[in-house]
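Here is a friendly walk through one protein model. Have a look at the sequence and the 3D view first.

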Amino acid sequence: MNALRTLVVEDDAIIRGLLAETLEGLGHTVCAVESNVANAAAAASHWRPDLMIVDVGLGEGAGIAAVKEIVRSRFVPHVLVTGEAVRGMPSGPDTVFIQKPFRVPDLEQAIQRALATPPACDRFAEQSEKAEVVI
């Protein structure tokens, strides 16, 4: 896997540091580490990351709101991290979840899944190209 410019969004300082250290240990560059939606959106706009690792629990599901806000302007593959049960979490077809606690290989697999999942808008365009249009 090529080195990715990664944005980490996590409100817990210890987990933020561990995530950044783990990603750098995997050969990625952590371009920014943020703890709230506004700063995450600003960092995404400035750094244009290749990947985002975002905590769901930034206070009342704000991690999901951060992802929605950021991908509105440009799709960025993302992994949502949660300490809650993943089943029943609101998500789109582009979202990859990983449940805390996790091991490094679990994070690597989640990153690979996020990178392998084309954005929903690309899948829609691809399906439209395959469909025959009759007027």
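What follows is a short tour of the sheet, its strands and the helices beside it.

## Before we start

This is a predicted model, where local features need pLDDT of at least 70, side-chain atom pairs count only at pLDDT 80 or more, and totals for chains, interfaces and linings use all residues. Residues are numbered from 1 along each chain as its sequence is written, and side-chain values use heavy atoms, with hydrogens and water left out.

## The sheet

Five strands make up an open sheet, in the order β2-β1-β3-β4-β5, and they pair in parallel. Strands here are DSSP runs of E with at least two residues, helices are runs of H or I with at least four, and both are numbered from the N terminus. Two strands count as paired if DSSP finds at least two bridges between them.

At the edges you'll find β2 and β5 (96–99), each with a single partner strand, so one side of each has no neighbour in the sheet. On average, neighbouring strands are turned by 20° against each other, direction ignored. Axes are lines fitted to C-alpha atoms (for helices, over the stretch in contact), and angles run from 0 to 180 degrees between N-to-C directions.

## From β1 to β2

Strand β1 (residues 5–9) runs parallel to β2 (residues 29–34), and five bridges join them. To get from β1 to β2, the chain passes through helix α1 (residues 13–25), giving a right-handed β-α-β crossover. Right-handed means that, with the strands pointing away from the viewer, the path from the first strand over the helix to the second runs clockwise.

Along this pair, Thr-6 sits opposite Val-30 in β2, and Leu-7 faces Ala-32 in β2. Helix α1 packs on the sheet, where it touches β1, β2 and β3 (51–55), and its direction makes about 170° with that of β2. Contact here means heavy atoms within 4.5 Å.

## Around β4

Over on β4 (78–82), helix α3 (residues 62–73) lies across this strand as well as β1 and β3, running at about 155° to β3. Four bridges link β3 and β4, with Ile-53 partnered by Val-79 in β4. Another four join β4 to β5, and Leu-80 has Phe-97 in β5 as its bridge partner.

Is β4 buried or exposed? Five of its five residues are buried, so β4 is largely enclosed by the rest of the structure. Buried means under 20% relative accessible area, exposed over 50%, and partly exposed in between (1.4 Å probe, protein chains only). His-78, Leu-80 and Thr-82 point one way from β4, while Val-79 and Val-81 point the other way.
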